[in-house]
Amino acid sequence: MAISDLSSQSGLPASSIYYHFGNKLGVLAALLDRTFNELHALLPNPSSFDDRQPLERFEAWFTQACASLDQRPDYLRLLLAISVGPHKDAEIVRTTVRRIRDYAHASWVDALTPIFAANGGPVDEKFIEELAVLGRAMTDGLSLADTFDGLSYSAHAAPFITLIRGLADQRGKQTM
C-alpha cells in the first residue's frame, strides 16, 4: 500500500501522514503498537493468578490468554506477517516487533517460573527460557492453525497445559 492509498482511504493529506509517521513503515509500526495495546488490555498478567498453586496459576493464565487471542486472531497474524515480510529488517519494524515479542517472552517466563524454578537455580532457569521460547513459538504457530484450519487458540490450551503438567511431574515439581 502506498501513502497515496492511505491518504485517499483516510481522507488525510499525504503530508500529514508523512509528518506523523515518517513513512509507510512508521504507519505499520503504529498499527502494530495500537493493536498490541488493544490486545494487551485483554491479556491477563500471570501475576493476576498469584493466589493459586503454580500449575493452577499457569492453567488460568494460559486459558485466559488463549481466550483473549481468540477475540483478536488478526493480531498475531499481522505480527507474524510483518516479522517475516519484506520490511522485517527496517529499524522501526524490528524494534517494534522485538518489544512485543520480548513482552510475550517475559510473560511466559513469569508464568513458568513458579512451576519449574520456585527456588531458582541455573538449570531450571535455562529450562524455563527454553520452554518460554517453545510456548511463544507454539502460540505463533496457532495463529496459522487458526487461519488455515479454523482452530481457535483455546482449542489447544488443554493439550499444552497437559504437556506442562507432565513436564512438572517428570521433573518432580509440585503438581497441585
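**Exercise 1. The α3/α5 pair**

In this predicted model, α3 passes α5 in a left-handed crossing. Work out how the two helices are oriented to each other, and which residues meet.

*Solution.* 
Step 1. Locate the helices. α3 covers residues 24-42 and α5 covers residues 73-84.
Step 2. Take the axes. They come within 10 Å and cross at roughly 150 degrees.
Step 3. Apply the cut-off. Angles over 145 degrees count as roughly antiparallel. α3 and α5 are therefore roughly antiparallel to each other.
Step 4. List the contact residues. On the α3 side they are L28, L31, L32, T35, F36 and L39. On the α5 side they are Y75, L78, L79 and I82.
Step 5. Nine are nonpolar, one is polar and none is charged.

**Exercise 2. The largest nonpolar core**

Find how many residues the largest nonpolar core has, and which elements give two or more residues to it.

*Solution.* 
Step 1. Count the members. The largest nonpolar core has 39 residues.
Step 2. Pick out the residues with the most contacts inside this core. They are F58, F62, W108, L112, F116 and I164.
Step 3. Assign the core to elements. Two or more residues come from each of α3, α4 (54-71), α5, α6 (91-116), α7 (122-149) and α8 (157-170).
Step 4. Find the largest share. α6 supplies it, with nine residues.

**Exercise 3. S107**

Decide whether S107 is buried or exposed, and name its contacts beyond its sequence neighbours.

*Solution.* 
Step 1. S107 sits in helix α6.
Step 2. Read the accessibility. S107 has 12% relative accessibility.
Step 3. Compare with the cut-off. Buried means under 20%, so S107 counts as buried.
Step 4. Set aside neighbours within four places in sequence. S107 is then in contact with P46 and W61.

**Exercise 4. The whole chain**

Describe the protein chain by its secondary structure, its box, its burial and the sequence separation of its contacts.

*Solution.* 
Step 1. Count the elements. There are eight helices and zero strands.
Step 2. Write the order along the sequence. The pattern is α-α-α-α-α-α-α-α.
Step 3. Along the principal axes, the C-alpha atoms fill a box of roughly 60 × 35 × 30 Å.
Step 4. State the burial. The chain has 176 residues, and 38% of them count as buried.
Step 5. Look at sequence separation. Take contacts between residues at least 6 apart in sequence; 67% of these join residues at least 24 apart.

Technical notes: Residues numbered from 1 in each chain as written. Predicted model: local features only at pLDDT ≥ 70, side-chain atom pairs only at ≥ 80, totals over all residues. Heavy atoms only, no water. Axes fitted to C-alpha atoms, helices over the stretch in contact; angles between N-to-C directions. Helix = DSSP H or I, 4+ residues; strand = E, 2+ residues; numbered from the N terminus. Parallel < 35°, antiparallel > 145°, perpendicular 65-115°, else oblique. Left-handed = near helix turned anticlockwise from the far one by under 90°. Contact = heavy atoms within 4.5 Å. Nonpolar A, V, L, I, M, F, W, Y, C, P; charged D, E, K, R; others polar. Core = buried A, V, L, I, M, F, W, Y, C linked by side-chain atoms within 4.5 Å. Buried < 20%, exposed > 50% of the residue type's maximum accessible area, 1.4 Å probe, protein only.
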